[in-house]
Amino acid sequence: MTDTPVTVAFDGDLALVTVDNPPVNALRQAVRVGLVDAVKAVEESPAKAAVLLCAGRTFIAGADIREFDMGPLLPHLTDVVGTIEMCSKPWIAAIHGTALGGGLEVALGCHYRVASPSAKMGLPEVHLGILPGAGGTQRLPRIVGAAPAVEMITTGAPVSAAKAKAMGLLAEIVEGDLTEGAKAFARSVMDAAPPRIDRAPARPAPTEAEWGAMRKAVEKAAKGQMSPVGCFDAIREAFRLDLDKGLEAERAGFMILKNSDQSKALRHAFFAERAVAKPKAIEGASPRAINRVAVVGGGLMGSGIATSLLQAGIPVTMIETSDEAAAAGVGRVEANLASAVKRGIMGEDAKAKLMGMLTPASDYAAAAGADLAIEAVFEEMPIKQKVFAALDEAMGAEAILATNTSYLNPDEIARGLRNPARVIGLHFFSPAHVMKLVEIVQAKETSAEVLATGFDLAKKMRKVGVLSGVCDGFIGNRMLSAYRRVCDYMMEDMRAIEPIDAAMRAFGLPMGPFQLMDLAGLQIGWATRKRLAPTRDPKVRYVTVADAICEAGRFGQKTGAGWYRYEDGRTPLSDPWVLDVIEKAAEAAGRKKRSFTADEIQRRAMAAMINEGAKILDEGIAARPLDIDMVKLFGYGFPRWRGGPMMHADLVGCDQVLADMEAVAADDPGSWVVSPLLRKVAKDGGFGKLNG
Ligand code: 3HC
């Protein structure tokens, strides 16, 4: 990072102002100071216009998010933008890469904007739980009108250069050299006074009914997140107030949102999403090239993994037990890709090309040329062991062997095979071509190089890889079990499931625990319970309801019934049969009926989940709290605006979580161990410090 990230050079009648603050030209304090100084230099020079350029891969990508947690560092960006706007000479923003957030706001302060054809422009602040705080909510609607501004700002989605030009956001798209094109444009406008954005309220204003309809739509899409509505309200002020008053209102809204827990959580998610790909365990290790993957199993999971690999441009050999089964697997991949075509994600040509990269086989010998094999067969130890043994025989001793197991120990799956350093878990989530999470499981002897290859592969597949150690259920499913267990206890005590599902939806999860089980299917959980039954601690409370439901052949949505009934195959309907089963189970277990409020349900559920997360950290299964947060965000629909369970604990206070967990444990002595790490962080400031 240079200490003079903004330089001014002169070229004839033009001043060339260049921002050079790698990697993405974020507007840290020195850049803001540099821009104000540049305006002064332009004013004092004989130059007739200024072209604002950026060095490196992109135009300014926004305010420096790392400065948000520091005190006020002057000058404020909104004042910097105002200073550019008030320059007596025209400024032309020359945009390449992405002009995002504060970056686009700086460009909006310029009097003209030109861009490369591949440039993108957006105001993504909403994803950080804030609103554009440097004039975006006031200037954009004055340039493009109400509805497009609402769309861009409340969704945070960027627009292409072509769309920006059509909206009136760009004066010109520059084919060829951007600097030269921008200079030519500047010369064409430098003799006229710079046009200024109208300071009167924006026009034409939508009607009250139109505002009402837009707000309703924004609220609905926000699903509990505050910033989209905050953005909307700020935009509306642009139609009521003159520019200066509107900017004041925007600043006030920005400060409120910036200090909110939701914004803190979303900023945590932004940085955690990047940090999760860089665990210490792969420091200094180089990934291997993966030119072909053998996927064993063409069922739902195997075909999803194969689809995702093909979409990453990696050829796949799909091995099944017979030619017919392999053909069925290929059919599933084809259906996945067909749905991508239908959704406009790819064309028929691209689909045909990917299908050409898929080779079906019914013999392990076909795996011979692959650099990596991923087994996605039935979740039974002897079956998986057989598959690994066959792969060991068919493939080179260096080829990476990955298991997609959700619960089983990869070391045991690979017991007795050559070269255990190449054994790894790659735990995908269903449907694997859609879900972003992959738990990258480090077995006892997995080498750093093999782990790094797992992370590299996840990135190529546009997935979020998270490092996990070996334990039953790894990070995600182990946390899920603790969450389900506490929900089961509340279910039996309350004799109800619906209030629990409703409370967890209100918390921000897409579904409650019972709905989720019905959607995922109850068989795997049942098999796991049976597997663990012989070693189950008799002191731990066991709720029999799920077993009774499975014994009745009700395995969830797919069978038309589970915890709920499904007459149309999709909509959960309350079922008195289930309530009766719960009542009988509770009676047999001698449980007194009691009730919990929605708040108590949420707190208990979170306490159990966070307590398990603390144990997972303590045991070294997860390296950092942020790894756990990313597992829950990308694999389990945990609301991003809560940052993940460990961040949530820090936001509500670990002392409160500890008190909730102690209450849960006191109700069922012997059933829970309160994590010593949770006790520790409750005293000394939360999980955040452990993120490093
Ligand atoms: N502030 C601080 N750091 C930033 C940053 C920002 N605005 N944007 C990116 N970075 C950092 C990343 O954390 C990463 O750091 P690391 O190497 O230490 O992990 C590095 O820059 C490179 O970022 P990416 O890995 O994300 O690089 P990509 O090339 O994949 O993506 C990007 C580039 C599209 C610009 C992406 O980084 C991005 O979307 N950035 C955030 C854009 C944004 O949200 N802007 C709005 C900021 S808020 C604002 O402007 C408020 C204003 O209204 C007042």
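Of the 23 residues around the ligand, the nearest are Arg57, Gly102, Glu105, Glu125 and Arg274, where a residue counts as near if one of its heavy atoms lies within 4 Å. This is a predicted model, in which local features need pLDDT of at least 70, side-chain atom pairs count only at pLDDT 80 or more, and totals for chains, interfaces and linings use all residues. Residues are numbered from 1 along each chain as its sequence is written, and side-chain values use heavy atoms, with hydrogens and water left out.

**Around the ligand**

Let's look at some polar contacts, meaning pairs of N or O atoms within 3.5 Å (within protein, one must be able to donate a hydrogen and the other to accept it, and residues adjacent in sequence count only if both atoms are side-chain atoms). A backbone N or O atom of isoleucine 65 sits 2.9 Å from a ligand nitrogen, and a backbone N or O atom of glycine 102 sits 2.8 Å from a ligand oxygen. Lysine 278 uses a side-chain N or O atom instead, 2.8 Å from an oxygen atom of the ligand. On its own the ligand has 990 Å² of accessible area, and the protein covers 74% of this; such areas come from the Shrake-Rupley method with a 1.4 Å probe, and for residues only the protein chains shown count as cover. Two or more residues of the shell come from each of α3 (102-109) and α11 (261-275), with α11 giving the most, three residues. Helices (H or I, at least four residues) and strands (E, at least two) are DSSP runs numbered from the N terminus.

**Domains and sheet**

The chain is assigned domain 1 (6-259), domain 2 (290-468) and domain 3 (476-691); these bounds come from an automatic or database domain assignment. The C-alpha centres of domain 1 and domain 3 are 45 Å apart.

An open sheet of six strands runs in the order β1-β2-β3-β4-β6-β9, with mixed pairing. β1 (6-11) and β9 (172-173) are at the edges with a single partner strand each, so one side of each has no neighbour in the sheet. Strands pair if DSSP finds at least two bridges between them. β6 (residues 112-115) and β9 pair in the parallel sense over two bridges, and alanine 115 has isoleucine 173 in β9 as its bridge partner.

**Salt bridges**

Side chains of opposite charge can pair when their charged atoms come close. A salt bridge here is a side-chain nitrogen of Lys or Arg within 4 Å of a carboxyl oxygen of Asp or Glu, and the count comes to 44. Three of them are listed here.

| Pair | Closest N and O atoms |
|---|---|
| Arginine 554 and aspartate 575 | 2.8 Å |
| Aspartate 668 and arginine 591 | 3.0 Å |
| Arginine 594 and aspartate 667 | 2.9 Å |

Arginine 594 is in the loop between α23 and α24, while aspartate 667 is in helix α27, 73 residues away. For accessibility, buried means under 20% relative accessible area, exposed over 50%, and partly exposed in between (1.4 Å probe, protein chains only). Arginine 594 is partly exposed at 33%, and aspartate 667 is partly exposed at 29%.

Aspartate 668 is buried at 6%, whereas arginine 591 is partly exposed at 22%. Aspartate 668 and arginine 591 also belong to a salt-bridge network with Glu492, Asp493 and Arg541.
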